[in-house]
Amino acid sequence: MRIAQSTVDFLGSDVMLEWYVLLPLMVLCHIIADFHLQGIMGDMKQKSFWKPYGEQYQNDWKPVMVLHGIEWAIIVSIPCLLASWLDVSWWFIAAVIATGLTHAYIDNLKANNFQINLVEDQALHILQIVLLLVAYGVM
């Protein structure tokens with residue numbers, strides 16, 4: 001079995017999208033989603049952002065963290081979604097959701113618990129991308 005291979009009809013000819021084409025595109029999507037698109041969400045997913053607003057807002061960072069994780073997973077999966085013309089299995093959709101929740105957990109380790117640094121955070125995110133490619137390849 002080949003991992004992350006997709007045939008796309010492009011201008012009447014079949015084009016193979018191998019993992020070595022999808023991986024750099026997914027990493028580019030990661031850079032866009034994790035660095036450029038966060039905006040205020042980058043601050044709002046930190047516990048310290050909510051402290052000045054009082055006790056009733058102390059857990060508001062959690063849905064923001066999950067939202068960012070799911071958003072990141074969807075954006076990172078765009079190359080696979082386009083390569084398959086949006087024809088993906090329930091397995092891949094489940095993998096995207098699991099990847100998003102895992103992304104939120106990893107970001108919490110860095111942003112709130114201070115248990116990992118930026119390099120470790122990014123290495124884990126690249127590993128997530130590779131695992132998402134594996135999930136895409138077994139469709």
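Q: At what angle do helix α6 (residues 90–111) and α7 pack?
A: This is a predicted model: local features need pLDDT of at least 70, side-chain atom pairs count only at pLDDT 80 or more, and totals for chains, interfaces and linings use all residues. Residues are numbered from 1 along each chain as its sequence is written, and side-chain values use heavy atoms, with hydrogens and water left out. Axes are lines fitted to C-alpha atoms, for helices over the stretch in contact, and angles run from 0 to 180 degrees between N-to-C directions. The axes of α6 and α7 lie 10 Å apart, and the packing angle is about 175 degrees.

Q: Is α6 roughly parallel or roughly antiparallel to α7?
A: The angle between the two helices is about 175 degrees. Angles under 35 degrees count as roughly parallel, over 145 as roughly antiparallel, 65 to 115 as roughly perpendicular and the rest as oblique. The angle therefore makes α6, relative to α7, roughly antiparallel.

Q: Which residues of α7 make the contact with α6?
A: Contact means heavy atoms within 4.5 Å. On the α6 side, the contributors include W91, F92, H103, I106 and D107. The α7 side is made up of L118, D121, L124, H125, Q128, L132, A135 and Y136.

Q: What is the relative accessibility of D107?
A: D107 lies in helix α6. Outside its sequence neighbors up to four places away, D107 touches D34, K45, M65, H68, N112, D121 and H125. Buried means under 20% relative accessible area, exposed over 50%, and partly exposed in between (1.4 Å probe, protein chains only). D107 counts as buried because its relative accessibility is 2%.

Q: Which residue forms a salt bridge with D107?
A: A salt bridge is a side-chain nitrogen of Lys or Arg within 4 Å of a carboxyl oxygen of Asp or Glu. The structure holds 1. Its closest N and O atoms are 2.6 Å apart, and the partner of D107 is K45.

Q: How many residues apart in sequence are the parts that the D107 and K45 pair ties together?
A: K45 is buried, with a relative accessible area of 7%. K45 sits in the loop between α2 (41–44) and α3 (47–50), while D107 lies in helix α6. The pair therefore ties together parts whose separation in sequence is 62 residues.

Q: What is the phi of F114?
A: F114 is found in the loop between α6 and α7. F114 is exposed, with a relative accessible area of 66%. Although F114 is not a glycine, its phi is positive, at about 55 degrees.

Q: What accessible area do L124, I126, L127, V130, L131 and V134 have together?
A: These residues form a nonpolar patch on the surface. Patches are made of residues with over 30% relative accessible area and no salt bridge, like charges being joined within 9 Å and nonpolar side chains (Val, Leu, Ile, Met, Phe, Trp, Tyr) within 5 Å. One member, L131, is in helix α7 (residues 118–137) and is exposed at 52% relative accessible area. By the Shrake-Rupley method with a 1.4 Å probe, where for residues only the protein chains shown count as cover, the patch totals about 440 Å².

Q: What distance separates the C-alpha atoms of G137 and E18?
A: G137 lies in helix α7. G137 is buried, with a relative accessible area of 15%. G137 and E18 are 119 residues apart along the chain, yet their C-alpha atoms are separated by 9.6 Å.

Technical notes: Helix = DSSP H or I, 4+ residues; strand = E, 2+ residues; numbered from the N terminus.
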